[in-house]
Amino acid sequence: MNILFVCMGNICRSPLLEGWAAHRRADSAVPYQVDSAGTGGWHAGLPPDPRAIEVARQAGIDISGQRARQVQFADFQRFDLVLCADRANLAELRMLAPGAARGRIALVLDWCGVKRNGELPDPYHGGPRDFERVCSLAREAADGLLRRLATQA
């Protein structure tokens with residue numbers, strides 16, 4: 001299974017989601033690969049926000065090697081599941097995606113069973129506590145991902 005995590009700029013939320021999902025991959029009953037991207041391309045090629053790198057490091061995860069990229073049309077064919085940080089990203093991707101791919105795009109917190117219709121808040125304009133909250137939710141999403149994949153095995 002190939003899973004893509006998407007947020008707006010691919011420097012805060014989706015790198016943390018990718019990092020946690022990759023970290024937990026060894027515990028999964030179902031093999032999977034992960035990647036992340038943003039709906040916008042203005043950070044393309046850049047590493048995650050230093051605050052995201054630091055909060056991940058404090059949790060024992062290294063996301064410093066990730067580089068931001070924008071979602072490409074080919075991603076809708078390459079990935080079995082596209083999990084979005086919030087409803088704005090979800091709506092944008094559903095507009096861009098071919099009809100057959102739209103059913104494979106969902107809110108990450110909802111799909112992973114963390115919070116029904118829940119959104120992962122954008123910490124970009126916040127402080128350390130905001131990044132800690134997003135990191136915690138990304139961990140919960142990774143745990144939920146494993147549970148959901150196990151039911152599909």
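Guide: The side chains of N10 and S14 are joined by a polar contact of 2.7 Å; the term denotes a pair of N or O atoms within 3.5 Å, where within protein one must be able to donate a hydrogen and the other to accept it, and residues adjacent in sequence count only if both atoms are side-chain atoms. The model is a predicted one, in which local features need pLDDT of at least 70 and side-chain atom pairs count only at pLDDT 80 or more, while totals for chains, interfaces and linings use all residues. Residues are numbered from 1 along each chain as its sequence is written, and side-chain values use heavy atoms, with hydrogens and water left out.

A further polar contact, of 3.0 Å, links the side chain of N10 to that of S36. N10 belongs to the loop between strand 1 and helix 1; helices (H or I, at least four residues) and strands (E, at least two) are DSSP runs numbered from the N terminus. With a relative accessibility of 2%, N10 counts as buried, a class defined by under 20% relative accessible area, against over 50% for exposed and partly exposed in between (1.4 Å probe, protein chains only). Apart from neighbours within four places in sequence, N10 is in contact (heavy atoms within 4.5 Å) with P15, S36, A37, G38, R67, A68 and R69.

Strand 1 (residues 2–7) and strand 2 run parallel and are joined by 6 bridges; DSSP must find at least two bridges for strands to pair. From strand 1 the chain passes through helix 1 (residues 13–24) to strand 2 in a right-handed β-α-β crossover: with the strands pointing away from the viewer, the path from the first strand over the helix to the second runs clockwise. Strand 2 (residues 33–38) has 5 of its 6 residues buried, so the rest of the structure largely encloses it.

F5 also touches this region: leaving aside neighbours within four places in sequence, its contacts include S14, L17, S36, A37, L83 and L145. In the largest nonpolar core, of 37 residues, I3, F5, L16, L83 and L145 touch the most other members. Such a core is a set of buried Ala, Val, Leu, Ile, Met, Phe, Trp, Tyr and Cys residues joined through side-chain atoms within 4.5 Å. Strand 1, helix 1, helix 2 (50–58), strand 3 (81–84), helix 5 (108–111) and helix 6 (128–152) each supply at least two of its residues. The largest contribution, 10 residues, comes from helix 6. A second, separate core of 14 residues includes L4, V6, F76 and L90.

L90 is also among the buried residues of helix 4 (residues 87–96), together with N89 and L93. Viewed down the axis of helix 4, these residues fall within an arc of 100°, so they line one face; the arc is that of the directions from the helix axis to the C-beta atoms. They pack against strand 1, helix 1, helix 3 (75–78), strand 3 and strand 4 (105–107). A88 and M95 are exposed on the other side of helix 4.
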